[in-house]
Amino acid sequence: MKAVLALADGRIFKGRSFGASGEATGEVVFNTAMTGYQEVLTDPSYKGQMVTMTYTQVGNTGINPEDIESNQLYLSGFIVKEYHDCYSNWRATMSLDAYLKENGVVGIQGLDTRALTRHLRDKGAQNGIISTVDFDPESLVRKVRSIPSMAGLDLASGVSCDKPYHWSEALWELGEGYRQSAAKDLKYKVVAYDFGIKFNILRCLVSAGCDVTVVPATFPAEEALAMAPDGIFLSNGPGDPEPMHAVIENIRKFVGKKPIFGICLGHQLLGLALGGRTVKLKFGNHGSNLPVMDLATGKVEITAQNHGFSVDIVSLAHACELAHENLNDQTVEGMRHKELPIFSVQHHPEASPGPHDSHYLFGRFVEMMEKNR
């Protein structure tokens, strides 16, 4: 079946359909990871976006029930160069095509993803539409231009949990899978705010010795503090952090009272809560092969990333200092408070998908909680 991708600036790409049929809209971004498409599909931070994989062959390893990062697919469209329906992996239970169909996600394959990626790098991430029913370029461009920009959208509220829950599952181990941690091994009580949290972040916290209670994005700070936690964790998530005024005000109530660790959107929200600003990047950083320097050690880490906004560290000079820097574009990858036990990173140390270079950050959070008990 034919499929067409139209961008808001009028650029048209023709291809073939896979996954669900119909139409899908969203901000078109590109991801440079060579593996881990299943984690990409289930990352809540992609809500409202259509993801282009720059690696050419996708679908080879199929889909398995262990590598999901949430209980559903949040992205609105999937764009690949060459889809492989014949998968080969010892854990796989179904094809990528069947998985997309089951979850109602529209896909397109057979287009020049190198040309699309270069276009997005030159012109910036922008809204697009994938259609398997309408092939008229003018009609598609009209539709896509009516979609609101990602800037100014609070999407995290739509992916957060509805009520608090406890998490005790630790990291995956060969031959055992995901094991449940015993209560005696969980020494540090953590309240984790869910703005679109990934499962492997929770597993990393548990494996580091944290007794984790996950709460909704709007959970009152007073109730969280009443739980007597050793630390507060702020998760990743989709959309623009600036419209989340109530959440930002809520985070301010933890400052100076508890150690705080933020990742991705949580990092951005923390920056805003401390009086800083955020900016939208031209095309964002999405992938599992991006270099970051830890300025405290001089060590360069290869990291997993997925964000379209960045903290303006200059606006936080009164409170924070730069802790990690992106070596590709010199954007802020981490900050630490000058006086309080507070730090955050823009990249994803849980590494799903991605390398394990930044796993030590969960240990750093535990050390901070231990010092401030």
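Predicted model: local features only at pLDDT ≥ 70, side-chain atom pairs only at ≥ 80, totals over all residues.
**Exercise 1. A loop residue with positive phi**

In which loop does Ala228 lie?

Solution. Step one is location: Ala228 belongs to the loop between helix 6 (221-226) and strand 15 (231-234). Step two is the backbone: the phi of Ala228 is positive, near 55°, in a residue other than glycine.

**Exercise 2. Another positive phi**

Find the loop that holds Cys264, and decide whether Cys264 is buried or exposed.

Solution. Cys264 sits in the loop between strand 16 and helix 8. Its phi is positive, about 60°, although Cys264 is not a glycine. The relative accessibility of Cys264 is 1%. Buried means under 20%, so Cys264 counts as buried.

**Exercise 3. The rings around Tyr193**

Classify the ring pairs that Tyr193 makes with Phe195 and with Phe254.

Solution. The structure contains nine aromatic pairs. Start with Tyr193 and Phe195: their ring centres are 6.3 Å apart, with 25° between the planes. Planes under 30 degrees apart count as stacked, so the pair of Tyr193 and Phe195 is stacked. Next take Tyr193 and Phe254, with 5.7 Å between the ring centres and the planes at 65°. Planes over 60 degrees apart count as edge-to-face, so this second pair is edge-to-face.

The pair of Tyr193 and Phe254 links distant parts of the chain. Tyr193 is in strand 13 (residues 188-194), while Phe254 is in the loop between helix 7 (245-252) and strand 16 (260-263), 61 residues apart. For burial, Tyr193 has a relative accessible area of 1% and is buried. Phe254, at 1% relative accessibility, also counts as buried. Phe195 is buried as well.

**Exercise 4. Other uses of aromatic rings**

Which residues do ring pairs link into a cluster, and which rings have a charged end over them?

Solution. The cluster consists of Phe233, Phe261, Phe343, Phe362 and Phe365, linked by ring pairs. For the charges, take each ring in turn. The charged end of Lys2 is placed over the ring of Phe135, 4.5 Å from its centre. Over the ring of Trp172 sits the charged end of Arg91, 5.4 Å from the ring centre.

**Exercise 5. Helix 7 against helix 8**

Describe how helix 7 and helix 8 (residues 265-273) cross, and list the residues that meet.

Solution. Two packed helices are described by the angle and the distance between their axes. Here the axes of helix 7 and helix 8 come within 9 Å and cross at roughly 75°. Angles of 65 to 115 degrees count as roughly perpendicular, so helix 7 and helix 8 are roughly perpendicular to each other. From helix 7, the residues in contact are Val247, Ile248, Ile251 and Arg252. From helix 8, they are Leu269, Leu270, Leu272 and Ala273. Sorted by class, the contact has seven nonpolar, no polar and one charged residues.

**Exercise 6. The setting of helix 5**

How many of the nine residues of helix 5 (residues 199-207) are buried?

Solution. Go along the helix and note the buried positions: Phe199, Asn200, Ile201, Leu202, Arg203, Cys204, Leu205 and Val206. Eight of the nine residues are buried, so helix 5 is largely enclosed by the rest of the structure. After helix 5 comes Gly209, with a positive phi near 100°.

**Exercise 7. A cis peptide bond**

Where does Pro353 lie, and is the bond from Ser352 to Pro353 cis or trans?

Solution. Pro353 is in the loop between strand 21 (342-345) and helix 9 (360-371). The omega of the bond from Ser352 to Pro353 is near -5°, and the bond is cis.

How values were computed
Residues numbered from 1 in each chain as written. Heavy atoms only, no water. Phe/Tyr/Trp six-rings, centres within 6.5 Å; stacked < 30°, edge-to-face > 60°. Buried < 20%, exposed > 50% of the residue type's maximum accessible area, 1.4 Å probe, protein only. Helix = DSSP H or I, 4+ residues; strand = E, 2+ residues; numbered from the N terminus. Lys NZ or Arg CZ within 6 Å of the ring centre and 35° of its normal. Axes fitted to C-alpha atoms, helices over the stretch in contact; angles between N-to-C directions. Parallel < 35°, antiparallel > 145°, perpendicular 65-115°, else oblique. Contact = heavy atoms within 4.5 Å. Nonpolar A, V, L, I, M, F, W, Y, C, P; charged D, E, K, R; others polar.
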